[in-house]
Amino acid sequence: MASASYHISNLLEKMTSSDKDFRFMATNDLMTELQKDSIKLDDDSERKVVRMILKLLEDKNGEVQNLAGGLLVNFHPSILSCLLPQLTSPRLAVRKRTIMALGHLVMSCGNLVFIDLIEHLLTELGRNDNMSTTRTYIQCTAAISRQAGHRIGEYLEKIIPLVVKFCNVDDDELREYCIQAFESFVRRCPKEVYPHVPTVISICLRYLTYDPNYNFDDEDEDDNAMDAEQNDEDYQGSDDEYSDDDDMSWKVRRAAAKCLDAVVSTRHEMLPEFYRSVSPALVCRFKEREENVKADVFHAYLSLLKQTRPAQSWLADPDAMEQGDTPLTMLQSQVPMIVKALHKQLKEKSVKTRQCCFNMLTELVNVLPGALTQHIPVLIPGIIFSLNDKSSSSNLKIDALACLHVIMVTHPAHAFHAHVPALVPPVVACVGDPFYKITSEALLVTQQLVKVGIEPEAVTTACDRLPNELPGTLLIFLERLKNEITRLTTVKALTLIAGSPLKIDLRPVLPDAVPILASFLRKNQRALKLCTLAALDILLRNYSSAVTPVMVDAVLAELPPLISESDMHVSQMALSFLSTLAVTHPSSLGQLSGGNILQQLIALVRSPLLQGGALAAMLDFYQALVATDTPGLGYMDLLRMLTGPVYSQSAALPHKQAYCSIAKCVAALTRACPNEGPAVDVKNSRSTDSIRLLALLSLGEVGHHVDLSSQPELKTVILDAFSSSSEEVKSAASYALGSIAVGNLPEYLPFVLQEISSSKRQYLLLHSLKEIISSASVSGLKPYVESVWSLLLKHCECQEEGTRNVVAECLGKLTLIDPETLLPRLKGYLLSGSSYARSSVVTAVKFTISDQPQPIDPLLKNCIGNPPPSLIRELLDSVLPQLYNETKVRKELIREVEMGPFKHTVDDGLDLRKAAFECMYTLLDSCLDRLDIFTFLNHVEDGLKDHYDIKMLTFLMLARLSSLCPSAVLQRLDRLVEPLRATCTTKVKANSVKQEFEKQDELKRSAMRAVVALLTIPEAEKSPLMSEFQSQISSNQELAAIFDSIQRDSSSANMESMDTS
């Protein structure tokens, strides 16, 4: 025995070698030794062997890993035969540990072992010899489901009827285990359990109210219970009055609440049914006497509210609301019942209960903003009770303040006017609390109280109640501004106070506050920079007389690094501040001439990223700056700075967007100084293409707002530019003609239409027409609709796809001008014999659809079937099969093209499949509750093995589904892992072109993002295939680097979202 132990010790030592071959051989020898009948190990040696095998299961070398795994796999049948008898052990602790061991076994055992285990459990449950062992077998079944739900699903048809039968047995402990088993089935086998969900709900609703030792009928449920001032001490004292050490019914109720939580969390398609049956039942149980059960009831209702949130985008649609019983309308009708059930609980002694109430109310108003408007008087006393109660914990106060803040943000101010006197003292007391989190939440509420104080009577009352009067309160703000933890919230509060109509006098603190705010602009905290710039802007607007040049200089010194393309939002806020400064302190702008700020501005104008709000802020600043008449910053000075690079350099600017931005700035300056005018260098033969491009774009931007018809040569100059050798100059000329026409439609629109009819340059002229239709006013265009419509129809059958697309966009946007007349006409052309015409009409319809409500929406619904979600949802049952059909690869559309000695495969169906998958991705946002997720996943799974473009889309879908439907994805995890692994391990041929390597790298990164998303699902790591894939990733240096990088990006993105919230 000693020699065997010595030999084993030698092998264990070799298994720690850095050489993988040594580890492999040592593991192989150990397998041989352990299979000998003569081998006997002492306890210490056994422990060492087991530890080493477990360590080798995570070995970097796959061969060693598989060998170590094989050591245990061979023993699975004997492990099972050893464990099964222990399920009937007289010691309950042994049974419990046996269940845990079986739970781990089913995660990795072979199919035959798993079948033996399930058949044994079914036989014993069917026999039901002893109630004690029946309870154990039910617990074991639930444990197996939790650990290996994807395997037990096919046996549910046999298991569930047995569990339902045992629910009717008069044994509370057995009932608890049965309902826990249902919860496990619902979470881990969502597809297989679906036919049984109504039965599960029915059982849970029955036992949710199962409390044989207590009678609620004597409770006072009359309308007086809604009295906000009522303090129901009798109810508060009833928590433990009927409790009994032998009473196990509370465990049954808790299991029922948790099971309902599981059902509403996983069956989003049943939301309307939940609001009909489950919601009222849960609300009625808010009065539950056992605190732990009550917490689970609240949690179940929170899950119901959270399930309602993803569907909110389509539910809030007015058309959807008209349909009657949608989850949101049903929730709205139940709000009075919810408030009635909650208002007593808000004054409960239990801190946990009150926290649950605040979480409930917060989620409710997030789902249904404004829902509590009529109930504010009932709820405010309960919130104040927790703020003033000395027994309240810090977390309770934080939750109460957070709840109050969300309610105030989502409800009209007038609902709170009567309550300001009662709210101000406890909230201000919380502002002075030593715990920073309470202070932070209280300051957010203070912001909202300032907004509420707009009404005169509320203003008077609030101001009368402010303790220590204004100077003392402002000093608190100043102190909080110096505190690193509370400074962000304080800046937000100061912004609101500075912008309030109360005209609170902040002058005493400005000399100290502005330098502190200026210092914040150099901090490495984006949210702080943004809020500080907003605060400085409003202070400059409303307290300009108190802001001294010294304060302004302190801020200007910090601005140059903020004006950069690296963060456009910060740049936009900085530009807004400078625009305000130009109005309030024009003398301070003198130092900009030749300074860093102006250099940064010019650099930003040339950035290809400048657009949207940042570009609008830039234009506002240039107009404000030129209006100050500052020496060195006049019209011509600024014009030279903007256009100088184009005129002085022979090389063009790197991005066309830079020309567009400069042109918009030139137009902004010209509009601000109408007596000045830029020299137009379009005609000059010596002008470079860059100069012509800038000149044409500038003409277009100016002509959009100013009538240029007084320039007689303008039409000729632009038409000549159509013949330029530069495509960019041609495009700019097209834009310029359309934009100039907007400034004087009667002069230019007939000219454009005539040129389209007679000229050969229809494509460019149609682009000009598109600009006119997109930008001109409806009233200005109406007289020309018929002539434009007939002209467009002549070109909708053009053989050039580019021209047809422009025509289609023009037709769609023109239809919006007079939808009642033009939409039926458009529909009529769907019957055209020309496929080009039909294609143009379908494309045109796309341009009539907008995210914002329009007069055409009801006509589209009746006429063509446009997709407001409320309409498409009703058609999904018939549309989805057609959509899914288009995701399949069609062999008849694949052809071979000979290119010299090579053959190239062309898939003509790829674009159609890509469009189908894009449509599927969109459905996840608007119609998730109407999808059969498992059918949906079937097609996603196929897409994971398709072309590069399709794979990229399905990786995105997989990441999205991981957060929307984690339980369904978890059940399919093993089938989804394989194509992901195949993508990550595919190697490009050594002689491939550079693009192939880049595409494969991008595919790997996208696949790895999907893997990271899948791993956020609880229990995903328990999947053997996923676990094996993780080991493969960690053992491959390239994949491990990508994986770690994506995880870091994901965590930093989460931190950023928290930072800016």
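Me: Where do the numbers come from, and what is left out?
Reply: This is a predicted model, where local features need pLDDT of at least 70 and side-chain atom pairs count only at pLDDT 80 or more, while totals for chains, interfaces and linings use all residues. Residues are numbered from 1 along each chain as its sequence is written, and side-chain values use heavy atoms, leaving out hydrogens and water.

Me: OK, back to the pair. Which hand is the crossing of α36 and α38?
Reply: Left-handed, meaning the near helix is turned anticlockwise from the far one by less than a right angle (clockwise would be right-handed).

Me: And which residues of α36 and α38 meet?
Reply: On the α36 side they include D689, L693, L696, L697 and G700. The α38 side includes V729, A732, A733, A736 and I740. Contact means heavy atoms within 4.5 Å.

Me: What follows α36? Where is V706?
Reply: V706 is in the loop between α36 (689–705) and α37 (714–721). V706 is partly exposed, at 33% relative accessible area. On that scale buried is under 20%, exposed is over 50% and partly exposed is in between (1.4 Å probe, protein chains only).

Me: Let's zoom out. How many helices and strands are there?
Reply: The protein chain has 55 helices and two strands. Both are DSSP runs numbered from the N terminus: helices are H or I with at least four residues, strands E with at least two. The chain has 1061 residues, and 52% of them count as buried. Among contacts between residues at least 6 apart in sequence, 73% join residues at least 24 apart.

Me: Another helix pair: at what angle do α27 and α29 pack?
Reply: About 25°, with the axes 9 Å apart. So α27 (487–499) and α29 (526–542) are roughly parallel to each other. α27 passes α29 in a left-handed crossing. Among the residues that meet are L488, V491 and T495 from α27, and L528, C531, A535 and I538 from α29.

Me: Switching to rings. How many aromatic pairs turn up in the whole structure?
Reply: Seven. One is F435 with Y436, which is edge-to-face, 5.5 Å centre to centre and 70° between the planes. Rings of Phe, Tyr and Trp (its six-membered ring) pair if their centres lie within 6.5 Å; planes under 30 degrees apart are stacked, over 60 edge-to-face, and the rest tilted.

Me: Which residues form an aromatic cluster?
Reply: F286, F298 and Y301 form one.

Me: And which charged ends sit over rings?
Reply: R175 has its charged end over the ring of Y210, 5.1 Å from the centre. K999 sits over the ring of Y948, at 5.0 Å. The test is NZ of Lys or CZ of Arg within 6 Å of the ring centre and within 35 degrees of the ring normal.

Me: What is the phi of D629?
Reply: Near 55°, a positive value in a residue other than glycine. D629 is in the loop between α33 (612–626) and α34 (635–648), and is exposed at 64% relative accessible area.

Me: Last one: what does R309 touch?
Reply: Not counting residues up to four places away in sequence, R309 touches E363, N366 and V367. R309 is in the loop between α16 (291–308) and α17 (312–315), and is partly exposed at 37%.

Technical notes. Axes are lines fitted to C-alpha atoms, for helices over the stretch in contact, and angles run from 0 to 180 degrees between N-to-C directions. Angles under 35 degrees count as roughly parallel, over 145 as roughly antiparallel, 65 to 115 as roughly perpendicular and the rest as oblique.
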